[in-house]
Each structure stands twice: as structure tokens, then as C-alpha cells.
Amino acid sequence: MCLAACSRRETPVEAGNRAQILHQGIATEPQDLDPHLLQFQSHFNVLMALGEGLVGYDPHDLHPVPGVAERWEILPDGLVYLLHLRADARWSNGDAVTAHDFVFSARRLLSPALGSPFRYYYDDVRGAKEYSAAAAPDFSTVGVRALDDRTLRIELLHPTPYFLFLLGNWSWYPVHRATVEKYGRFDQPFTDWSKPGRFVGNGPFTLTEWKPGQVIIVRRNPRYWDAARVRLSEIHFHCIESSDTEERAFRSGQLHITENVPGSKLRDYAAQRPSPLKVAPIFSTYLYALNITRPPFDDVRVRRAFPLALDRERIVTSQIASGILPARSFVPPVAGYVYDGEAGLRFDPGEARQLLAAAGYPDGRGFPPVELATNTSVLHRELAEIVQQMWQKHLGVRVGIASKESKVFFQERMLKQYQLSRMSWIGDYPDAFGFLTVYLSDGGQNTTGYASPEYDRLALTAARTLNETERRARYREAETLLLRDAPIIPVFYDTGRHLVSPAVQGRYPNLLEFHSYQGLWLENK
Amino acid sequence: MFHFIARRLLQVIPVMFVIITATFFMVRFVPGGPFTAEKAIPPEILKNLEAHYGLDQPLWRQYLNYLGRVVHGDLGPSFKYSNRTVNEIIAQKLPTSLELGSLALLVALLVGLPLGVLAAVRRNSWLDYLASSAGMLGICVPTFVLGPLLALSFGIHLHWFNVSGWSDPSDRILPCLTLGFVYAAYIMRLTRGGMLEVLNQDYIRTARAKGASEARVVLQHALRGGLLPVVSFLGPAIAGILTGSFVIETIFQIPGLGREFVNSAFNRDYTLVLGTVILYAGLIVVLNLVVDVVQVWLNPKLKFE
């Protein structure tokens with residue numbers, strides 16, 4: 001075996017280029033391939049191969065393009081969507097994909113027993129919240145209705161400018177009713193319907209094999225309505241948790257695309273010409289959350305002083321190869337919205353010291369000990385140390401760093417058992433509300449204790465304004481208020497970092513890293 | 001011997017009971033739970049999930065339910081891999097760890113034993129110095145250094161082997177060599193030490209005086225006694241090596257049980273933690289018994305009393 005192996009072999013990437021088999025790393029293994037119970041956004045890559053929503057996304061800028069729905073109408077009040085499904089949409093077993101499948105899927109996702117974490121994608125649909133909270137047991141009160149096999153009517157509570165985008169999200173993916181019900185109740189979580197040999201999907205690929213802890217293999221679905229455009233014959237999704245192992249697998253020709261790049265390798269890859277390192281902005285902000293229910297951060301002057309004492313340009317320079325940009329606000333630039341209001345984040349240590357003195361801590365004297373909590377990671381630790389030095393130098397305050405095991409860290413943050421806590425936020429949809437929704441008073445992810453009726457009013461009004469210019473202006477007002485109240489300290493806008501083989505064609509960077517496989521192919525370079 | 005083994009096996013019951021009880025409560029008192037995540041789950045969904053897994057019941061009842069299930073061989077559903085049971089996960093992943101461990105053990109024994117014997121027989125010769133240095137190096141160089149070095153040389157530069165995965169038969173070579181070399185180093189040093197002690201015994205001198213050949217003295221008379229420290233070491237070592245190595249499985253992306261053993265604790269996958277601990281503890285208990293039996297067989301001074 002050893003002797004047979006001891007010769008230069010064709011690598012999986014080389015063989016894949018010949019046979020149009022893409023090898024992609026997806027880091028962690030999905031818990032399940034049930035689209036209604038997805039765990040990590042990165043697993044959406046697998047689901048995009050296996051399923052398709054009413055709309056798809058343009059690979060360049062993510063604007064909604066026809067998916068199962070070949071066209072749609074939005075009534076002038078913005079409250080009713082009529083979606084016309086294509087006649088040739090098929091499940092992988094040959095059944096037709098109908099509007100009734102989408103109604104069944106909505107009923108399943110919203111059912112209290114399923115416990116899907118993605119119900120909030122339906123929050124704007126009339127009656128959805130009540131049904132999912134079991135307050136209204138009759139699904140007919142929910143605004144999702146099949147007018148006939150090929151027409152779906154969705155009624156909203158209020159105008160939602162980004163709603164069409166949500167229809168392409170995995171939470172709106174249809175599931176095959178007969179298959180789901182064959183292996184359990186329709187609203188029973190974690191049944192066996194999504195295992196290989198049973199899974200029925202409506203995407204460009206079908207599930208062929210799943211070797212636990214190793215690889216998920218999908219093969220081209222000849223019944224997919226747009227099969228002629230699909231050039232890949234197979235995709236092998238490799239579950240490689242360690243980014244170092246994944247990087248070695250890429251270098252040895254086992255992977256076309258990696259999910260991550262180890263921080264220690266970024267500079268080397270960035271220096272290569274041509275470089276397989278692909279760095280592009282994503283819809284994500286790295287920040288520190290403040291617990292404003294406890295001293296010293298219950299004082300807005302202290303909260304405003306801390307962000308002013310951060311030299312973000314220096315922080316970004318320390319991570320130069322990662323392509324990150326200094327945060328000027330909470331919401332990264334998105335779909336024409338760039339925050340340019342008066343509360344934009346800047347470095348002004350003089351003003352920071354004045355604010356701290358006004359709060360009763362001149363030159364940091366008498367400031368209580370503060371702890372900055374991060375989850376265990378070299379990157380988080382390094383950044384925390386840089387920030388710690390800046391606050392010591394510019395404010396004269398001592399900040400301790402506590403690296404905590406992830407589950408402990410998340411639990412303490414959720415229970416507000418912290419003072420300063422590292423956080424990243426990734427928007428689910430390319431609209432500023434994907435960020436601003438976090439700090440609504442009743443926001444499930446708002447762990448700071450921030451509750452401002454004025455902010456809620458501004459953010460919600462903006463999110464329901466159809467006119468683009470007006471909406472952006474209102475988002476700006478909401479964000480100005482948030483930055484002034486300062487329950488958070490945005491640090492930088494993050495980037496997606498992947499190693500991509502030059503053989504991969506038709507893959508474009510985009511804010512949410514949604515890469516459909518229909519237009520992707522491999523070519524020896 | 002039968003009574004000895006039967007008595008020892010009966011002792012397993014209270015030992016396992018204590019281990020299960022201690023692990024059950026320890027893992028439950030660690031902060032964070034299986035559903036704690038960066039993006040918090042809405043409270044009503046958390047309630048549903050807890051009800052689905054029976055976590056809404058009082059702890060003592062959960063404990064009794066679990067004990068009842070374990071008695072029937074059911075280790076419960078995994079919290080992380082929602083549609084798989086712990087029994088299924090162990091059944092899927094243990095064979096991989098067993099294969100990796102057995103091959104690594106073979107490497108360790110094939111390299112460690114002869115080197116240890118040679119080093120003892122040629123004491124203070126260049127061969128001894130070479131073997132001892134190699135042994136010291138093997139102990140000092142951790143697997144997380146040796147593994148990537150082998151991957152770099154034979155995977156990335158020479159393209160002889162894959163650097164991750166467990167599909168092709170040749171995927172076994174690098175991880176088994178990495179894991180095997182470390183154990184080989186220990187086995188070599190223990191064999192050398194054991195042999196040196198035995199080679200100074202009177203009965204060896206007697207054997208030589210009676211004209212027995214050197215090979216016969218070493219292999220027939222000395223080796224049996226010289227291996228005693230190795231056998232003592234191999235009991236728990238085999239349990240560890242067979243239930244998987246977290247480091248090796250992570251470096252080479254091997255779908256074995258070692259990673260699950262460690263990750264289940266990070267994931268707060270209560271049932272998987274307990275399942276892997278039960279398996280590991282069971283293996284240790286059984287292998288320690290095997291070690292005791294083998295030691296009696298190797299050492300005529302010992303009896304099954």
C-alpha cells in the first residue's frame with residue numbers, strides 16, 4: 001500500500017477539473033439538511049445546491065432573480081405579493097413543485113412544535129407571529145395562500161421593502177410533503193427524511209452520499225428546471241473543522257475552495273502573485289457590546305468616551321492582510337446605504353478624556369476595574385490587547401481581558417453577566433434593517449440592555465418605508481441615535497476570506513457570501 | 001483464574017455506576033447548555049427544544065431516566081447531531097478509531113519493541129545511543145508538530161498521500177505513522193529499561209553459563225520479564241489509542257471518536273459526553289483486567305489471588 005501510494009498522483013482537484021467535480025470546504029458538519037432547521041449560515045451553501053426558493057439571488061449583487069417563481073407582482077400598497085410558479089419546476093423525484101408545497105412548508109416552519117429558529121423570517125407576514133406562538137391554531141389566518149397550483153399569494157402586515165429577498169432564504173425553501181410525512185409528523189423536528197436515499201429536494205443537485213464527519217456529496221439533478229445551465233456534475237462538501245487542516249488540504253490539491261483561512265497564513269497568501277486568497281467585504285461588523293444596565297457603562301458619557309479613544313486605523317493595520325476596514329458606524333455599507341451622519345465613529349482622545357472627566361473620572365482616576373470578555377481565539381485576544389492598550393493610553397483606565405470557553409461566553413453575554421463583550425453581527429439580508437433590528441428594545445439578540453422607544457420608532461418606520469431615499473434617511477436617523485446612545489463600540493467591517501483555486505469559474509464575491517452553483521464551472525488554468 | 005476474572009468483572013458495576021453518576025452531574029453543572037449559541041434562540045423555541053429532549057424535567061428524574069436507558073443499552077439521542085443517537089454515532093465512529101489505533105499500535109510495537117531490545121542488549125553502544133535519542137525525540141516532538149510535518153513533506157510537496165480524510169486506504173499511512181511513532185518512543189524506552197533490569201538477573205547469568213545462545217537468552221529468557229513494564233503501560237495506552245486521538249483526528253480530519261469525545265464536552269452534548277465516557281471507562285476497566293491476566297502469565301511469581 002505504501003509503495004503503491006509513493007508516487008505523484010493526480011490530486012482530487014485535478015481529477016475534479018476534468019470531471020467537473022467541485023471540492024469545497026464547509027468547516028463544520030451540518031446538524032441536519034432540513035432547511036427549516038439549519039444551524040449555521042455557512043451550511044446554506046449545501047442547501048443552495050439541494051433546494052431552491054421562490055426567488056434566487058444574482059451572484060454579483062444578490063438582487064432577487066426568478067427561482068421557482070418565474071415572475072411576481074407586488075400590489076401598489078406593498079402588502080400583497082403574487083408569485084407565479086414556473087410550470088416545469090420539479091422535485092428530484094419528478095413530482096411538480098406547486099404553490100401548495102410552499103404553503104405546507106410555511107405551516108411546518110411556523111409550527112410551534114418544530115421549533116425552527118428562523119420563524120423571524122416570517123415576522124412580516126400577516127398572522128405568522130400569532131400562529132407560531134400557538135395563539136392562533138388555524139393556519140388559514142396566516143397570509144400565505146395557494147390560489148392555484150401555480151400561484152402563491154403572500155400578504156404582509158406592513159410594507160417590507162426587502163421582503164422579496166427573504167423569499168430566497170432557506171427558511172422559505174419548500175420541503176417535499178410526502179417525504180417529510182413518511183418519516184414522522186409534519187412538525188416533528190429531526191426526523192430521518194433528510195438523510196441520503198430519502199431526501200427529496202428541488203435544487204440543481206440531489207443528495208447522493210453523506211459520510212458523517214467527512215463529506216457530503218451531491219450530484220447534478222437532471223429534473224431541475226434549469227439543468228441545462230448546471231455545468232458541475234458533482235459537489236463534494238468537505239467538513240474540515242480545523243482551518244489549518246483545511247489550508248493543507250487546499251495546498252495538497254484536495255480542495256477547490258476553503259471556508260476559512262488561518263490568520264497566520266494570510267500575509268503569505270496575500271503576497272503570492274497570482275494569489276488564491278480571495279478577500280471581499282461581507283455584511284458584518286466586529287464590535288464590543290456594553291452592558292448598560294450596570295456601572296460604569298450605565299453612564300452615556302462613559303459609553304461615548306470608549307469608542308472615541310479607539311484608533312481604528314491602527315487596529316486595521318495590525319490585521320492588514322485580512323482586508324478589514326475601520327468601522328465608521330454600526331451598519332456596513334449596503335445596497336446604496338452608507339452612514340454619513342454626524343455621529344460617525346472617529347478617533348478623538350481629547351474629547352474622550354473630557355467625557356470621562358465629566359462622568360467623574362478625570363484621567364481615568366477612580367474608574368472601576370472593567371473586564372473585556374472574548375471567546376477563546378488568538379485573533380480576539382490580539383485585538384482585545386490592542387484595544388486594552390489604547391484605552392489605557394488615551395483614557396487612563398485599566399481593562400482586564402477574560403478569554404472564555406465559547407458556551408460560557410455566550411451564556412454570560414445572554415444573561416448580561418458582563419461589562420464589555422466581543423461580538424460580531426452578520427446581517428441576514430442586504431438591508432440596513434438587518435443590523436438595526438438587533439438593538440430594538442425587544443430584540444432577541446440585544447444583550448446590552450439598551451431600550452429606546454425613539455430608536456424603535458425610527459428603525460421600524462424606516463424598515464417599512466418603500467421609498468428608497470426616504471428609507472435611507474430614516475435609517476440614518478436611527479443609526480445616529482444608536483451611535484449617540486452608544487450601547488456598542490463598532491470596531492471594523494469584516495471581510496470574507498477564502499482560498500479559491502484558479503480553476504473555479506463563475507464565482508463572484510458578494511456581501512452575504514451566497515454562491516449559487518448554477519453558473520459555476522471548473523476550467524484548467 | 002475464572003473466579004479472579006468473575007470477581008473483577010463484578011467490581012465493574014459499582015465502578016461504572018460511580019463514573020456515570022459523577023459525569024452526569026459534572027457535565028450538567030458546567031455553565032452553558034447544548035442550545036447556547038452566539039445567536040440566541042428565542043425563549044419559546046428553547047422551551048420546545050428542552051421539552052423535546054426531556055431537559056424540562058427535574059434533574060433527578062433525568063438522571064433516573066438516563067440510568068434506565070443505559071441499563072437497556074440505549075445511550076440516548078445526541079444534542080448536536082439531532083437525528084442521530086449516541087449509539088449510532090459510536091457505531092459509526094468507533095470502527096475508524098479502532099482501525100487508526102490498531103494500525104498505530106502495530107507501528108508502535110514493530111518499531112518500539114525491537115529498538116528497545118537492541119538498545120538494552122547493546123547497552124552504551126552507538127546503537128543504544130541512537131535508539132535512546134530517537135526515543136527521546138519521539139517523546140519530545142508532539143503529534144501536532146510531527147503530523148503537519150509529515151503532511152507537508154509527503155502530502156503537499158511529494159503528493160504521495162492526501163493530507164486529510166479517511167476514504168482511500170493510503171489515507172491511513174500518515175496518521176498511523178504519526179500516532180505510532182509517539183507510542184513507539186514510550187515502548188522503546190520501557191522495553192529498554194525492563195530488559196536492562198532483567199538482563200542483570202541471576203537466572204540470565206545462569207542461562208548464559210549453561211551455554212545458551214545470546215539470541216535464546218534474550219528472546220526466550222529475558223524478553224518475557226523485560227516486557228512487564230510495557231504490558232502495564234499498554235493497558236491504559238491501548239484504551240486511549242483505540243478510542244481515538246483528538247489531535248491526530250483533527251490534524252488529518254479523521255471521522256473518529258476521539259474528536260467527538262472532546263468536542264462533545266465543548267458542545268455540551270450531554271448524552272454524547274456520557275456515551276463516550278462510558279465507552280472509555282469500560283475499555284480501561286477491561287484492558288486493565290487483561291493486563292493483570294497477562295502479567296500473571298508473564299511473571300511466574302504472581303498468582304490469581
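Asp431(A) is buried, at a relative accessible area of 7% (buried is under 20%, exposed over 50%, partly exposed in between, with a 1.4 Å probe and protein chains only). The model is a predicted one, so local features need pLDDT of at least 70 and side-chain atom pairs pLDDT 80 or more, while totals for chains, interfaces and linings use all residues. Residues are numbered from 1 along each chain as its sequence is written, chains are lettered from A and ligands numbered from 1 in the order in which they are written, and side-chain values use heavy atoms, leaving out hydrogens and water.

Asp431(A) pairs up with Arg471(A) in a salt bridge, the closest N and O atoms being 3.1 Å apart (a salt bridge is a side-chain nitrogen of Lys or Arg within 4 Å of a carboxyl oxygen of Asp or Glu). This pair ties together distant parts of the chain, 40 residues apart: Arg471(A) sits in helix 17 (residues 468-485) of chain A, and Asp431(A) in the loop between strand 15 and helix 15 of chain A (helices, H or I, of at least four residues and strands, E, of at least two are DSSP runs, numbered from the N terminus). Arg471(A) is buried too, with a relative accessible area of 6%. Both belong to a salt-bridge network that also takes in Glu468(A) and Arg472(A).

Now for the meeting of the two chains. Here, 55 residues of chain A are in contact with 54 residues of chain B (contact means heavy atoms within 4.5 Å). Between them, chain A and chain B bury about 4400 Å², 51% of it on carbon and sulfur atoms (buried area is the accessible area, with a 1.4 Å probe, that two parts lose on being put together, summed over both). Of the area that chain A buries against chain B, 15% comes from Arg9(A), Arg248(A) and Lys407(A), more than from any other three residues.

Six salt bridges cross the interface of chain A and chain B. One side-chain pair, Arg422(A) and Glu38(B), meets at 3.4 Å, N to O. Helix 14 of chain A gives the most to the side of chain A that touches chain B, namely six residues. Lys39(B) and Asp428(A) also meet through their side chains in a salt bridge, at 3.1 Å, N to O. Lys39(B) lies in the loop between helix 1 (2-28) and helix 2 (43-52) of chain B and Asp428(A) in the loop between strand 15 and helix 15 (433-436) of chain A, so this pair joins two chains. Lys39(B) is partly exposed, at 33% relative accessible area, whereas Asp428(A) is buried, at 6%.
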